Amino acid sequence: MRQPLIIGLGRAGAGLHLRALRTALARSPGLWHGPVVAVDPRPGERAPVPDGVTVTATLDEARALLPPERAVVHVCTPPAARLSVLAELAAAGYRDLVVEKPLAADAAELAAVTELVSRYALRVAVVAHWPASGLADRLRTSLASGERGRLLRIDVVQHKPRFTRSLRPDDGHPTAFDVELPHSLGLVLSLAGPAETTGARLTDLRIGETVRPGLGSAVLDLLHANGVRTRIHSDLTAPVRERRVSLTFERGTLVGHFAPSDADDHVQLDADGRREVFLDDALASFLHRTYTRFASAEEPSWEAEFALHADVVRILDAAKRRCAADTVAEHDEEARRAVAR
Ligand SMILES: NC(=O)c1ccc[n+]([C@@H]2O[C@H](COP(=O)([O-])OP(=O)(O)OC[C@H]3O[C@@H](n4cnc5c(N)ncnc54)[C@H](O)[C@@H]3O)[C@@H](O)[C@H]2O)c1
């Protein structure tokens, strides 16, 4: 039976993952056994240290308690440290990894992660609980049934006020593309298939004289190979939280409201104006499915899943490069105008 090793005891590790692991175990006794071991050089700094977890300061200490063959490793460190943590884990012999989104910060880092995965035969599950949710299943089932005709477009809204976190110098998320979009992008690619970026926009977060470039809001426009168009809009300066996915068909609409935070596990589905509410603990379901897959030696789906998340990183990287090019062009234009005045 497998035993969890959590790297990074912050909001994701000490909060979301631990709670979801316990929920999954309550549903399926025998899914894993404890104690949960954790590595964090500064435990308690970002989130209270939870009860029942054996905390160590280094991977070497953790390895003495929990060797690679028994461990499922949860990588819950900020994205900026992702590659170094994965490299250290691979070199120490750990193979089965649950990695927080985003898988990599850009295309160069993705190439390095891909190299690690193939060199060490890593089995990587990227935390993408939106595609694994019951709500996503309902959207997929309706889409597959064809009951509303052809899918025309997908609109996603992922708004939340994220000021305190974005103002922290060590936040580790380079832009607003890296915060919420990895969840929704995985979902829209799983619904409508491969896509190309047709538009991208970032705004800065500004409070008084303080500016955090690129951390205000993000808009991403996609054209899927099957002709469906998607727009994802994430405003991290919004006054309220909202996580909504709207599917517009030839004959009707489906609107899924994902849980706005981990404070409630209920989701809502509005089908042509009729609203339904149901319990959908997507992260616990995702971990349940992932531990079950790790238990099987013959599980074939690791490569396909990795490819989907590699696509997410590639699309976000292309979007960020577009925005950087637009910023340079705007600065050039401003400089030209200043010279002309
Ligand atoms: N799936 C979700 O819904 C969700 C929600 C929140 C965060 N996240 C993702 O989880 C990741 C972590 O975010 P967070 O909000 O928990 O961050 P956080 O800042 O709250 O916590 C990060 C923790 O990692 C520790 N840490 C840093 N470097 C380390 C290292 N090399 N080894 C061990 N520990 C290390 C820090 O001391 C800190 O305790 C991010 O990629 C974020 O995008 C996902």
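A residue counts as buried when its relative accessible area is under 20%. Keep that cut-off in hand for a walk through this predicted model.

Start with His183, which sits in helix α7. Its relative accessibility is 7%, so His183 counts as buried. What does His183 touch? Leaving out residues up to four places away in sequence, the list is Lys101, His129, Trp130, Pro131 and Gln158.

Now look at the whole of α7. The helix has 12 residues, and at 1.5 Å a residue they should span 16 Å. How many of the residues of α7 are buried? The count is 11 of 12, and the helix is mostly covered. Among the buried residues are Leu181, Pro182, Ser184, Leu185 and Leu187. Just after the helix comes Gly193, with a positive phi of about 85 degrees.

Next, the nonpolar interior. In soluble globular proteins, nonpolar side chains tend to be buried together. Here, the largest nonpolar core has 39 residues. Those with the most contacts inside this core are Ile154, Phe177, Leu185, Leu220, Val245 and Leu247. Helices α5, α7 and α9 each give two or more residues to the core. So do strands β7, β8, β9, β11 and β13. Which element gives the largest share? It is α7, with seven residues. A second, separate core has 30 residues, including Ile7, Val85, Leu122 and Phe306.

Not counting residues up to four places away in sequence, Leu220 touches Phe177, Leu181 and Leu185, among others. Its contacts also include Thr197, Gly199, Ala200, Thr230, Arg231 and Ile232. Ile315, Leu316 and Ala319 are on the list as well.

The structure holds one cavity of 30 Å³ or more. About 50 Å³ of space lies in the largest cavity. Pro182 and His183 are among the residues that line this cavity. Others in its lining include Lys101, Pro102, Leu103, Val126, Val127 and Ala128. His309, Val312 and Val313 line the cavity too. Both α7 and α9 supply at least two residues of this lining, and α9 gives the most, with three. By class, the lining has eight nonpolar residues, two polar and one charged.

The largest share comes from α9, with seven residues. How does the lining of this pocket divide by class? It has five nonpolar, five polar and five charged residues.

Finish with Gly146, in the loop between α5 and β7. Is Gly146 buried or partly exposed? Its relative accessible area is 33%, so Gly146 is partly exposed. From Gly146 to Ala14 is 132 residues in sequence and 42 Å in space, C-alpha to C-alpha.

Conventions. Residues numbered from 1 in each chain as written. Predicted model: local features only at pLDDT ≥ 70, side-chain atom pairs only at ≥ 80, totals over all residues. Heavy atoms only, no water. Helix = DSSP H or I, 4+ residues; strand = E, 2+ residues; numbered from the N terminus. Nonpolar A, V, L, I, M, F, W, Y, C, P; charged D, E, K, R; others polar. Core = buried A, V, L, I, M, F, W, Y, C linked by side-chain atoms within 4.5 Å. Buried < 20%, exposed > 50% of the residue type's maximum accessible area, 1.4 Å probe, protein only. Contact = heavy atoms within 4.5 Å. 1 Å grid on protein atoms, 1.4 Å probe; cavity = no way out; pocket = protein on both sides within 12 Å on 5 of 7 lines; lining within 4 Å. Points joined across faces, edges and corners; volume = space filled by probe spheres on them. Expected span 1.5 Å × (residues − 1).
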